[in-house]
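Subject: The structure we talked about

Hi there,

Here is the structure I promised to pass on to you. Please open it beside this email and look up each residue as you read.

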Amino acid sequence: MQEPLRAENYAYEATLEYALSADQKDNLSSFRKEFLFPLQPDTQKPYLYFCGNSLGLQPKNAIAEVQSVMEKWAREGVLGHHHGINPWVDYAEQLSPQLAKVVGALEHEVIAMNTLTVNLHLLLATFYKPTPQRFKILIESPAFPSDRYAFVSQIQWHGYDPQQALIEVAPRPNEFYIREEDIYQAIEKNKDSLALVLLGGVNYYTGQLFNIAEVTRKAHEVGAFAGFDLAHAVGNVPLSLHEWEVDFAAWCSYKYLNGGPGCIAGIYIHERYARNQLLNRLAGWWGHDSSTRFQMGPNFIPISSAQGWQVSNPPILPLACLKASLAIFDRIGMQALRTKSILLTGYLIFLLEKLPGIQIITPYNSEQRGAQVSIHIRRDGKQLFDYLYQKGVICDWREPDSIRIAPTPLYNSYQDVFEFYTILEEGIKVYS
Ligand SMILES: *Cc1c(COP(=O)(O)O)cnc(C)c1O
């Protein structure tokens with residue numbers, strides 16, 4: 001087997017010349033031109049954009065894709081559902097082959113639908129059936145607030161007490177990210193009462209990438225389901241959900257997938273469940289067998305795939321954006337993207353390590369992180385963050401003292417990273 005690529009061993013240099021030459025050698029550098037960068041109002045210069053972990057940039061090809069839906073609607077009205085090119089009736093399904101590649105699944109294991117938190121609830125309706133023996137959900141801490149709200153409300157809705165039912169595994173005192181052994185220990189400790197392990201693939205706050213395959217194996221060993229919220233993992237790191245035997249997953253499409261604000265989200269259900277029409281779910285007509293859906297019969301017969309979890313007919317305009325973006329991912333492939341990502345993010349870490357007054361809280365090891373690097377600022381963090389913004393940097397502030405920076409391999413360059421470093425260095429001189 002090939003050694004994993006490790007940015008830790010790479011010979012970086014903290015000079016603009018180095019950054020420029022790295023960009024020249026980067027065979028993905030031309031993709032930057034396919035995205036629209038927001039411009040600074042006074043200079044009309046593009047911002048240094050490091051917020052792909054929050055809202056990915058607009059791919060230029062999305063405009064034509066949306067336009068074509070608008071024109072089809074104008075031309076065909078209701079006929080557009082079933083007629084012409086790209087009929088809306090199976091528009092979501094048409095994206096499944098590309099979506100499946102991004103998450104490492106079979107086509108019938110994925111579908112674009114709804115939005116993330118809604119999908120978590122729909123999946124829990126099937127996969128969280130607590131009994132007095134098995135009722136616990138294990139999550140990471142800090143989990144994304146929306147996820148925690150959703151899980152607590154699910155637990156309460158089933159009549160259980162979150163104090164007992166929610167197991168939260170946090171970093172140890174004075175450590176920044178979670179030790180994987182602590183997750184495995186918590187699984188083992190709760191082995192008789194654990195219903196579900198539900199982690200983020202990549203933690204939203206620290207950028208820690210979990211060992212999804214191993215967590216899944218450990219959950220299965222004790223008879224629990226393994227589900228993942230892949231909001232920060234999809235389009236960021238290669239995934240092999242089917243091979244890893246992950247039971248189910250959900251993600252949003254507006255972060256690394258560049259689907260646009262509030263874009264339609266996606267789910268994955270392993271085929272051993274996706275094919276099972278007897279599984280309980282919260283049903284709606286779009287999950288009904290498509291060959292008889294429009295007979296409008298009284299009884300629900302689910303599609304024997306992840307599509308059977310669809311509830312409503314999907315919004316086509318956001319799907320058009322997602323289609324445009326997935327076409328770009330398809331041209332590159334997650335492996336090539338990951339190779340660049342490891343090196344580009346490694347460069348950022350290499351530079352950040354030279355600076356006083358900050359503490360990197362993301363794992364250095366490239367097997368335990370994606371594109372995001374989070375830093376604690378020792379003093380006056382918010383002022384420093386505002387300074388960065390004044391100087392044309394868009395990154396992301398998290399209370400009380402953290403900044404998240406995501407060099408996304410699709411459209412960020414080594415030059416971006418180097419320029420960010422010089423601005424941050426100046427800012428630290430002013431504020432600390
Ligand atoms: C971004 C994000 C969300 C957002 O949920 P929406 O339902 O799309 O508003 C939820 N969970 C995690 C882990 C996220 O990173």
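Predicted model: local features only at pLDDT ≥ 70, side-chain atom pairs only at ≥ 80, totals over all residues.

Below is what I found in it, one topic at a time.

Which strands does β15 pair with? One is β12 (residues 373-377), which runs antiparallel to β15 and is joined to it by four bridges. In this pairing, S374 has R404 as its bridge partner. Another is β14 (residues 396-398), also antiparallel, with three bridges to β15. Here W397 stands opposite I403. The link from β14 to β15 is a hairpin of three residues.

Now zoom in on R404, which belongs to β15. R404 has a relative accessible area of 3%, so this arginine counts as buried, the cut-off being under 20%. What does the side chain of R404 reach at 2.7 Å? The answer is the backbone oxygen of Y204. The R404 side chain also makes a polar contact of 2.7 Å with the side chain of D396.

**The ligand and its surroundings**

Next, find the ligand. Which residues are around the ligand? They are L116, T117, F144, D147, D229, A231, H232, Y254 and K255. Sorted by class, this shell holds four nonpolar, two polar and three charged residues.

- T117 has a polar side-chain atom 2.6 Å from an oxygen atom of the ligand.
- D147 has a polar side-chain atom 2.6 Å from a nitrogen atom of the ligand.
- Y254 has an N or O atom in its side chain that is 2.5 Å from an oxygen atom of the ligand.

How much of the ligand does the protein bury? On its own the ligand would expose 390 Å², and the protein buries 82% of that area.

**Cysteines without disulfides**

A disulfide is a covalent bond between the sulfur atoms of two cysteines. How many disulfides does a search of the whole structure find? The count is zero.

C395 is in no disulfide either, and the nearest cysteine sulfur, in C51, is 6.8 Å away.

**Backbone details in the loops**

The peptide bond from S141 to P142 is cis, with omega near 0°. P142 sits in the loop between β5 (136-140) and α6 (145-157). A cis peptide bond also joins E399 to P400, where omega is about 0°.

For N174 the angle is about 65°. N174 is found in the loop between β6 (166-169) and α8 (180-189), and counts as exposed at 78% relative accessibility. For D380 the angle is about 50°. D380 is in the loop between β12 and α13 (381-390), and with a relative accessible area of 34% D380 is partly exposed.

Finally, look for L278 in the loop between α10 (271-274) and α11 (316-332). Is L278 buried or exposed? L278 counts as exposed, at 79% relative accessibility. Its C-alpha atom is separated by 54 Å from that of Q40, and these residues are 238 apart along the chain.

Enjoy exploring the model!

Best wishes

Conventions: Residues numbered from 1 in each chain as written. Heavy atoms only, no water. Pairing = 2+ DSSP bridges. Helix = DSSP H or I, 4+ residues; strand = E, 2+ residues; numbered from the N terminus. Near = heavy atom within 4 Å. Polar contact = N/O pair within 3.5 Å; in protein donor to acceptor, adjacent residues only side chain to side chain. Areas by Shrake-Rupley, 256 points an atom, 1.4 Å probe, with all protein chains shown as cover. Nonpolar A, V, L, I, M, F, W, Y, C, P; charged D, E, K, R; others polar. Disulfide = S-S within 2.5 Å. Buried < 20%, exposed > 50% of the residue type's maximum accessible area, 1.4 Å probe, protein only.
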